[in-house]
Structures are given as C-alpha cells and as structure tokens.
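Here are my notes for someone opening this entry for the first time. Please read them with the structure on screen.

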Amino acid sequence: MGTRTDLRHLVLHFTKGSDWAAGSVPIYVRGEGNYLWDDAGNKYLDGLAGLFVVQIGHGRTDFGKAAAKQMEQLAYTPSWGATHPSSLEAAKLIADLAPGDLDAVFFVTSGSEAVESAIKFARQYHTSQGNPGKTKVISRNLAYHGTTMGALSATGLDDIRTQFQPLLPGFIKVPNTLGATDGIAAAAAVEQAILDAGPETVGLLMAEPVQNGGGAIAPPPGYWQELRRICDKYNVLLHSDEVINAFGRLGEWFGADYVDVVPDMISFAKGATSGYVPIGGLIIRRPLVDNLMNCEGGTFTHGATWGGHPVSMVTAIANITAMRDEGVLENVRANTAGFRDRLDKLTEAHDVVAEVRGAGYFYAVDLCVSRERGIDLTAEQAAEYVGQVLPKAISEAGLLIRADKRGRPKLMLSPILTAGPAELDELMEKLSRVLDSMASRLAT
Ligand SMILES: Cc1ncc(COP(=O)(O)O)c(C=O)c1O
C-alpha cells in the first residue's frame, strides 16, 4: 500500500506543490454509500460526489462483478472498424434516454475528450455541408469545459488559461447568466457575438445548462429556447456540455431536459458510470450524423484507443440501469425542495453566506465577510480562505466539498444522488461548523 512519503513520486492535478510536498493532501482508502475514509481512519461525508461523479454512491459490488465478467469474456476491442455487444447496448440505453432525435453516441473516456469531440464534429460537419469557414466557437465567461487545448480554449477561466497562451484562435467568450433574470435579454449577447464575428465564421455554441464555473448558475427562463432559436437562425450547432449536469444531477437524465430544449449535441462523462471507471461521450442528433455520413468519405475522422472500452460500457450499463431501477432521479426530485429549504435556513443563520444558488443536487454557497453589512472578502482574503482556511475547516468537519474562488469565493455542493433527509441534515450540520469557523476567524 502507498504511504504519504510516496507522494513525492506522484504529480497531482491542480494541486499546489507545497501541499503535496507537506503530505497534507488526504489519501482516501475506502468508500461506502455517502461516506469515504482516509488512511488515518477518519470518516468523511462526501458532499461533492467525488468530483460531481459518484451519482449512485461508493462501494457497490455489483458493478465490479459486471466489470470482471466483461474482462474475462472480452477485455478489449477498438471502436474503429469494429465494436462489441456492450458498446451497442450502452449506446442504445443512452440514446433512448436522450432528448429528441439525439440518438447517436460517440464514446471517449473523459469530459475534455467529449468536448474536444464536439468541437471537431462541428468543424467537420460544417465542412461536409459546404461551410468550411464556420470554425469559430462561442462559450461563456467563467465556464469550465476541460483541459485539452480545444476544451481549454473554450474554457472561460483566466487562471488556468494564461499559462498556456497562445490558445487556439477563433474562441469567443460571451457573458454567462449570473444575475440575469430575462432569458431573452441574456441570450442577446450570443446573437451579437455571432453578428460581430460574422455568421459565416461561427460553427458552435457551447454552454452548460447549469454552469459550474462561477457557481451553479442556472439560466433565467427562456434563455435556452432563445439559444436554440439563434443557433437555428445562423446555422450554429448548439452543444450542451453536460459533463456535470447529465445523469441525474439536476433531477433529470440530462440538463437539456431540465431546460427543456433539444440541443444538437450533448457531451457527458462523470456520472454515466458513477465514477466506477472512466467514460466520456458525445450524443449527436441523428440528422447531423446522417448528413455527415452521407457525404463523400462518410467518416467522422476522430477517435481514440480507449473510446467505447468494454469495461466502461458494461459499467455504464450497470450504473444507468441501477439508477433507473432504484429510483435515483426520483430521490433527487423528492428532496430538491428540502435541500433548497435547508440551504435557505443555513443562509439565514450565517452572515458569511452571501447567497445560495443552484438546482437539483448542485449548489453554490457564495461567501462574504458580512451579508448584512454588504462586505465582500478582499482578493487576499479570498485566496487565504479558499486556499487554506476553508479546506482545513472542511476536513476537520469530516466533509468532502470544494472551496472555489472562481468568481466570488464559494463552497460547491454536489451530494451523492442517493442522499436523503438524514444525509442532507448531516451536510448542513457540517457546513454550519465550517461557516462558524470562517466567521470566528474573520472576527479575529
Ligand atoms: C462542464 C465540464 N466540461 C468538461 C469537463 C472536463 O472533464 P474531464 O475532467 O473529465 O476531462 C468538466 C470537468 O469537470 C466539466 O465540468
């Protein structure tokens, strides 16, 4: 078993070298249901579903059995020029759940790859239809779409982009919907961006139904309907990036269902296997796939060795089937109002909460010095609290959630989708402790 000294051999993702050199990162060794345990035996309530991933909970043994059976029967076959029964079954299962005529699934192994696939599909699609100039991509400020160079170019977070300039050309940013109340007015920025760039140069609009970066930003009514109208008008593909939103996070199979729009493409990843193995994918509208395939060459010229891996496919089937048969989405819907209610009470009780925002089992708790006195944290305070004070308080409370300073400093909540009233109460009790310790430190 690895020990803390072995951390020197491991390069952690988005983690300060000093934290990892100090051995102060948690090493989780076991998970069961809504809980995790670290190597010192401490128990944590998982209020982030790992990283917006573990929809159905930790520690199921049935998925492992299905995966082992698949490995014994057929460990691997590629997804180009061939396939296998689990890939066919997983694609049908996902296509049947997807909205409208989105019924073709292209499998990869991560969210970034799914986003990259959407960017490349849009490029090739427009070229195949005689519009090779439609290469530009519109996405929104503060949105996170992944780390590969295409996905990062679409990402609207300067702190993870600046080190990698120059990024790809032709990626345009528009405002997100934070604070917007009129969907049509908020979408006008997108239409204006298309007109400014020249409609003949814009091929793709990428957005999350409820945006993670900036803190669980739900759209105002009518926003997505207006995006659909604009995309239809200017022949721009509408890509709903649902790497977090899909598979129950908002109480629906897809974020597109939550906003009640049929996009042209949906990217998914995390929740499709509840994190038991990696997966990613792009669901595409049938006519788009047919149009591309019916052109000369008739191929989506993109792929990867691990796309449609048999173990990912069989695990996705096991997870989605279990989510359906065990009423996981119904659980989220039954508890959504109660979750919101608890968060509103938490806000009332804590002056350091500026605002709570979100939908389903996906919320942001914006933090400040004092809501009543209208005082925000300074940039230095935000860095100190998000970087050190809050992670320590969260860990001491026996909680796994994320402190985030993109936009206003905040705590991101994404409970496991099987959490019921007892787990939500426990989450609030632990959150209260975190907020109390923040308030007492601010007071000193
Ligand atoms: C909306 C969205 N798109 C893309 C990604 C990238 O996914 P991955 O980390 O699997 O590459 C993420 C990751 O959190 C995401 O939230």
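1. Contacts along the chain. Take the contacts in the protein between residues at least 6 apart in sequence: 72% of them join residues at least 24 apart. Keep in mind throughout that this is a predicted model.

2. Overall build. The protein has 15 helices and 15 strands. Its radius of gyration is 22 Å, close to the 22 Å that the globule rule gives for 444 residues, so the protein is as compact as a globular protein of that length. Along the principal axes, the C-alpha atoms fill a box of roughly 70 × 55 × 45 Å. Of the 444 residues, 48% are buried.

3. Domains. The domain assignment gives two entries: domain 1 (4-56 + 327-443) and domain 2 (62-325). The C-alpha centres of domain 1 and domain 2 are 27 Å apart.

4. Where the domains meet. How many residues of each domain are in contact with the other? Domain 1 brings 26 residues and domain 2 brings 25. On the domain 1 side, at least two residues each come from helix 2 (49-52), helix 13 (328-349), strand 11 (353-359), strand 12 (362-367) and strand 15 (410-413). Helix 13 supplies the largest share of that side, five residues. By class, this side of domain 1 has 14 nonpolar, seven polar and five charged residues.

5. The largest nonpolar core. This core holds 126 residues. Which of them touch the most other members? They are Ala118, Leu205 and Leu227. Helix 12 (residues 310-325) gives the core its largest share, eight residues. Domain 1 and domain 2 each put at least three residues into this core.

6. Leu227 in detail. Set aside the neighbours within four places in sequence. Leu227 is then in contact with Ala187, Val190, Leu205, Ala207 and Leu238. One of these, Leu205, is also among the core residues that touch the most other members.

7. The ligand shell. The ligand is surrounded by 13 residues. The closest are Ser110, Gly111, Ser112, Gly146 and Val243. Which helix gives the most to this shell? Helix 5 (residues 111-128) does, with three residues. By class, the shell has five nonpolar, six polar and two charged residues.

8. Tyr234. This residue lies in helix 9 (residues 223-234). Is Tyr234 buried, exposed or partly exposed? It has 19 other C-beta atoms within 10 Å, so Tyr234 is partly exposed; a buried residue needs 20 or more. Leaving out residues up to four places away in sequence, Tyr234 touches Ile194, Pro199 and Val202.

9. The loop between helix 7 and strand 6. Two residues deserve a look here. Pro166 sits in this loop, between helix 7 (158-161) and strand 6 (171-174). A cis peptide bond joins Gln165 and Pro166, with omega about 0°. Gln163 has its place in the loop between helix 7 and strand 6 too. Gln163 has 6 other C-beta atoms within 10 Å, so Gln163 is exposed; the limit for exposed is 12 or fewer. From Gln163 to Leu227 is 64 residues in sequence and 32 Å in space, C-alpha to C-alpha.

10. Phe247. Its phi is near 60°, a positive value in a residue other than glycine. Phe247 lies in the loop between strand 8 (237-241) and helix 10 (255-259). Is Phe247 buried or exposed? Phe247 is buried, because 30 other C-beta atoms lie within 10 Å.

11. Ser274. This residue is not a glycine, yet its phi is positive, about 50°. Ser274 is placed in the loop between strand 9 (265-268) and strand 10 (280-285). Ser274 has 30 C-beta neighbours inside 10 Å, so it counts as buried.

Conventions:
Residues numbered from 1 in each chain as written. Predicted model: local features only at pLDDT ≥ 70, side-chain atom pairs only at ≥ 80, totals over all residues. Core = buried A, V, L, I, M, F, W, Y, C linked by C-beta atoms within 7 Å. Helix = DSSP H or I, 4+ residues; strand = E, 2+ residues; numbered from the N terminus. Domains from an automatic or database assignment. Contact = placed C-beta atoms within 7 Å. Nonpolar A, V, L, I, M, F, W, Y, C, P; charged D, E, K, R; others polar. Near = placed C-beta within 6 Å. Rg over C-alpha atoms; globule rule 2.2 N^0.38 Å.
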